[in-house]
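Hi,

Here is the structure I promised to pass on.

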Amino acid sequence: MPILSTSRIKYTILYGQLFIILVAFSSIYPQIHGLFGERGLQPVAPMLECEEENIFQCRLPLLRFTCNLLHLSPSVGLQVLCFIGICLSAYSIVKPRWQNMAIFLILYFLYRTIYEAGGVFMYYQWDAFLLESTVYVAILAFFRDGPADIVAIFGIVVLIVRVTFMTGATKLLSKCPEWWSLNALDYHFESQPMPTPLSFYAHHFPSFLKQAATLATFCFEIALPCMYMIPVIHVRYVMFFGQVLLTTLTILTTNNGFMNYNVLVLLVSMLEIPRVPQGEPFLSMLIFARIAYDVIYKGRFKIITEVGSWPTFTLDMNYESFQKLVRYYIDLLVIIIIIMLAVTILRAILQSCLSTDKFSKMFHVAFVASTVVILSVYGFIPLLRLDEKLATKTNENPMIMTYYAAANKWGVANSYGSYRQTTGKFGRPEIVIEGSHQVEGPWKEIGFKVKPGLLSKRPQFVSPGHPRLDVQMHYAAHGTYQQNPFFLSLVYHLMQNTTEVVGLIEDYPFKNRSEPMKFVRAKLYMYHYAKMDDKNWWTRDFQEEYMPAFNKGNEPLQKYLTEHNIIIKKKSQFINGPLGLYLKQYHRLTGGNDLFYTTVIFVGMMLIRRIHIVLYPHYHNHAIDD
């Protein structure tokens, strides 16, 4: 495989990150009014109430400024910020000159505003990771190319190492018995928030294959991230393709929003690390031999075989020994990061000294190196806190916790760890909402876009998109309706036939206003995948009543929603002017998809024009001369 140049790696990451940002903005745009609108599930307007004169002392200052400047309601203001993000990311894709630090930081603040305004509908790991990774990519973009790019790329490698290791380690640190028994995948494919069609088939694989996959996952996420920074190209390629394979399989079997796509983009950074000048094949052979030896003779697992049955795998360690292993790997990661970061910075300084424009390139190196060092130090804190002893020490140090809280507030020192607890050992609980025109019935089921409902409904591929109501309904099924204000808001708006909220639903059988939905109730079912030869995709068993029947004018429900600022009776200081009224009506008539399609068409036209320039340069030169 040919070695990629630093410039090619850099612009692959920049283009890829812009595409992920474009997808993120485009995914949330059509959901804004239904989720955060004045008649949405969780209105953003109450968050803008502030008596301070300084706008920066209030929450969501960028949104307040936009609403004041353009005379917009809060939800339309969010819509405008989202549309600016769509246009800016799309235009930067087709205009490489715009791919600089300022553009990425603007996109960061735009998405961070939506992230803060979104509450429970935005507090997902992929949103936090997008914000943090955009900061790292902004440092890489800067305003010019130079030797400092290798330092910025290594900073992204450090981020990937931290995310990967924390994702794997937290599974076992959670003390979940299913992860420890290597049986988590027997339930994960069925019980994850948004399964894909392939997860149905993966669920029916033999258990030993799923146990082997779990072991391989632990290997790549816990034992091997330290190898991502080894300056031996053959080792890096093996680690790169192994992680790409693992991430791709995750994409095929899990709808995790745009998280895994973002990881794929940033994995390219692994291909740019200082190389040893001589003896790479020999060193590679030694490293691979040591890995094979550790797996065969020192592997912390056992293979149990019985005549007439498939082999099974078990972990050969307890929680205390794993804690020691985690402590060892944390120390190893920190040491390797410090050494390789120092080597990378020295390499960049040396290249700058040998260049013609020494002063500007040295300034570039100094800025990038100091920023990467600061971010890496902040990133060490959640990594070190995986060790219980170190977590206790950091909690007792007010200075460390103050700096950590500040970094975490800005999303540059996040903790990561997906599916730490396996919750689907007995199936996947699902809430089924039913509505009726009369209390005696008939009761009609409300159908969501992605989450399981009808037994014949096939799981869908929706990533990198993210239907946020469907995912939040999955988590609500693990609690009670009293613990989920958004759920009570949902049933209230369904009875009111609120256009913005109904737009988030796939099948609403009460659109005929002559027979409106006057009563609502919810039941809890336990869903399981059907057998391979079944015509349906799901089976389900009734568990209990999730929510009793409510009528349309239920006063306690309205009082509860008013107390939680979901029904807004106080008039907001931010109201729509002519522009806001036009945008809101335009959005309602087109369903919000028009702007996304317009962006896609615009990007397509620009790409076609760019290809035409490459194929027919003389034509465009003559046109310019004329």
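Below is what I found, going from the whole chain down to single residues.

Some ground rules first. This is a predicted model, so to speak of a local feature I need pLDDT of at least 70, and side-chain atom pairs count only at pLDDT 80 or more, while totals for chains, interfaces and linings use all residues. Residues are numbered from 1 along each chain as its sequence is written, and side-chain values use heavy atoms, with hydrogens and water left out.

Overall picture

The chain has 25 helices and 6 strands (DSSP runs numbered from the N terminus: H or I with at least four residues for helices, E with at least two for strands). Its radius of gyration is 27 Å, close to the 25 Å from the globule rule for 626 residues, so the chain is as compact as a globular protein of that length. That radius is taken over C-alpha atoms, and the rule is 2.2 Å times the number of residues to the power 0.38. Along the principal axes, the C-alpha atoms fill a box of roughly 85 × 80 × 60 Å.

Of the 626 residues, 54% are buried (under 20% relative accessible area; exposed is over 50%, partly exposed is in between, with a 1.4 Å probe and protein chains only). Among contacts with a separation of 6 or more, 76% are between residues 24 or more positions apart; a contact means heavy atoms within 4.5 Å. The accessible surface is about 29,200 Å², and 62% of that belongs to carbon and sulfur atoms (Shrake-Rupley, 1.4 Å probe; for residues, only the protein chains shown count as cover).

As for charges, the mean positions of the 54 positive and 44 negative ones are 3 Å apart. Lys and Arg count as positive, Asp and Glu as negative, and His and the chain ends are not counted; each charge is placed at NZ of Lys, CZ of Arg, CG of Asp or CD of Glu.

What the record says

An unreviewed UniProt entry puts "domain: Lipase maturation factor 1/2 N-terminal" at residues 122-272. That stretch is 71% helix and 0% strand in the model, with its end C-alpha atoms 33 Å apart. UniProt (unreviewed entry) also lists several spans as "transmembrane region", including 69-91 and 237-258. Residues 69-91 are 87% helix and 0% strand, with 24 Å between the end C-alpha atoms. Residues 237-258 come out at 77% helix and 0% strand, and the end C-alpha atoms are 24 Å apart. Bear in mind that such annotations may be inferred rather than shown by experiment; the positions are in the numbering used here, and feature names are shortened.

Most residues other than glycine have a negative phi, and most peptide bonds are trans. Leu182 has a positive phi of about 65 degrees; it sits in the loop between helix 8 (177-180) and helix 9 (185-191) and, at 1% relative accessibility, is buried. Asn497 has a positive phi of about 55 degrees, lies between helix 20 (485-496) and helix 21 (499-502), and is buried at 12%. Ser463 and Pro464 are joined by a cis peptide bond, omega about 10 degrees, and Pro464 is in the loop between strand 4 (444-445) and helix 19 (468-476).

One more loop residue

Asn536 is in the loop between strand 5 (519-529) and strand 6 (538-551). At 21% relative accessibility, Asn536 counts as partly exposed. Leaving aside residues up to four places away in sequence, Asn536 touches Leu455, Ser456 and Ala530. Its C-alpha is 8.2 Å from that of Arg458, 78 residues away along the chain.

Cheers
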